[in-house]
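Q: I am new to this structure and would like to learn how to read it. Please take me through its features one at a time.

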Amino acid sequence: MPTPLSLPPIRALTMGDLMPCADLAEDRGWAREEHKWSLLLTAGTGYGITDPEDPEGKRLAAACVTTPYGSRLTAIGMLLVAQRHARKGLGRRLMSHVLHKADHAPLMLYATPYGQPLYRQLGFTDVGAVEKLSGHLRPPVAATQVTTRAATAGDLPAIIRLDTEVSGVDRTPMLARLPAFADRLRVSEEGTVLTGYAAAWPTPETDVVGPLIAHDTETAKALITSLAKPSRPLRLHIDSRHQELLDWGREHGLDSGALTTTMVHGLPDLPGDWKRRFTPLSLATG
């Protein structure tokens, strides 16, 4: 078996690597999610190591993706190493490359228990967690007082303004892609003021709700309810501090899943207002 020193150099990924990235995810037991990989490779920067055992040079031994939000924050996600190249230091090599490329810019990621030791060794610190809820949502019996509607193209500037205020960073390049990426995009408002927005985007097995930004928990509940389809399960990764929303989800048919740790590098905590930030767009993008 080759050693890390005999592996090809780290290179930038392109849209031509979409299927190899999906293959790599599948190799590690993750869903392929080609739809999400397409967004990541266009809105962010991917890094990969070509598998030296592939004579055609198309297969990946390892990959990860970074999504920059101006100079204030870059999200890291989808760090994957092929089973056949596990425990050779490829994950550390890719993360060290990302840290070098970041040049002291603040970073964030969502870490599984498997990845936490490496990230801590590289200087990342824990600042919170998100809890996965999934399943078929049972609509609430009581009618909500919060009204929602389908977003229109004219809502995008207001969505971006609200998102920048709540997230603390400018995510315009990512949000500009959201209407095409998501199956459903909903907003809530009081009079003419936007009070929240949420999207649902598809995977082969489920619809993922994210991002979800809302004025309060009741608004978050209304947006989630408006996005649910009886025929499709939902998946949400909710900030663990939003205990009321987590309890509500479990009371309405969603099951608790893995807890994923929020970690940062180069800053004391995530910027923005966590009280109005309920879910990330995805664990890969923040």
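Q: How many Å apart are the mean positions of the positive and negative charges of the protein?

A: Lys and Arg count as positive and Asp and Glu as negative, while His and the chain ends are not counted. Each charge is placed at NZ of Lys, CZ of Arg, CG of Asp or CD of Glu. Here, the mean positions of the 31 positive and 31 negative charges are 3 Å apart.

Q: What should I know about the origin of the values?

A: This is a predicted model, in which local features need pLDDT of at least 70, side-chain atom pairs count only at pLDDT 80 or more, and totals for chains, interfaces and linings use all residues. Residues are numbered from 1 along each chain as its sequence is written, and side-chain values use heavy atoms, with hydrogens and water left out.

Q: How many helices and strands are there in the protein, and why is it described as compact?

A: Helices (H or I, at least four residues) and strands (E, at least two) are DSSP runs, numbered from the N terminus. The protein has 9 helices and 13 strands. Its radius of gyration is 19 Å, close to the 19 Å that the globule rule gives for 286 residues, so the protein is as compact as a globular protein of that length. That radius is taken over C-alpha atoms, and the rule is 2.2 Å times the number of residues to the power 0.38. The C-alpha trace spans about 60 × 40 × 35 Å along its principal axes.

Q: Which residues is M263 in contact with, beyond its neighbours in sequence?

A: Contact means heavy atoms within 4.5 Å. M263 is found in strand β12 (residues 255-265), and it counts as buried because its relative accessibility is 0%. Leaving aside neighbours within four places in sequence, M263 is in contact with a list of residues including L107, Y119, R120, F124 and V127. M263 and F124 are 139 residues apart in sequence, yet 5.9 Å apart in space, C-alpha to C-alpha. For the protein as a whole, residues 24 or more positions apart account for 72% of the contacts with a separation of 6 or more.

Q: Is L24 buried or exposed, and which residues does it touch?

A: L24 lies in helix α1 (residues 18-27) and counts as buried, at 3% relative accessibility. Not counting residues up to four places away in sequence, L24 touches L60, A61, A62, A63, L80, V81 and A82.

Q: Where is R171 found, and which backbone oxygen does its side chain reach?

A: A polar contact is a pair of N or O atoms within 3.5 Å; within protein, one must be able to donate a hydrogen and the other to accept it, and residues adjacent in sequence count only if both atoms are side-chain atoms. R171 is found in the loop between α5 (156-167) and α6 (172-175), where its side chain reaches the backbone oxygen of G286 at 3.4 Å. With 8% relative accessibility, R171 counts as buried. Beyond four places in sequence, its contacts include Y69, D163 and P211.

Q: What kind of peptide bond joins G210 and P211, and what is the phi of M78 and of R87?

A: Most residues other than glycine have a negative phi, and most peptide bonds are trans. A cis peptide bond joins G210 and P211, with omega about -5 degrees; P211 is placed in strand β10 (residues 207-214). M78, in strand β4 (residues 73-81), has a positive phi near 60 degrees and is buried at 9% relative accessibility. R87 also has a positive phi, of about 60 degrees, although it is not a glycine. R87 is placed in the loop between β4 and α3 (90-102) and is exposed, with a relative accessible area of 77%.

Note on methods
Buried means under 20% relative accessible area, exposed over 50%, partly exposed in between (1.4 Å probe, protein chains only).
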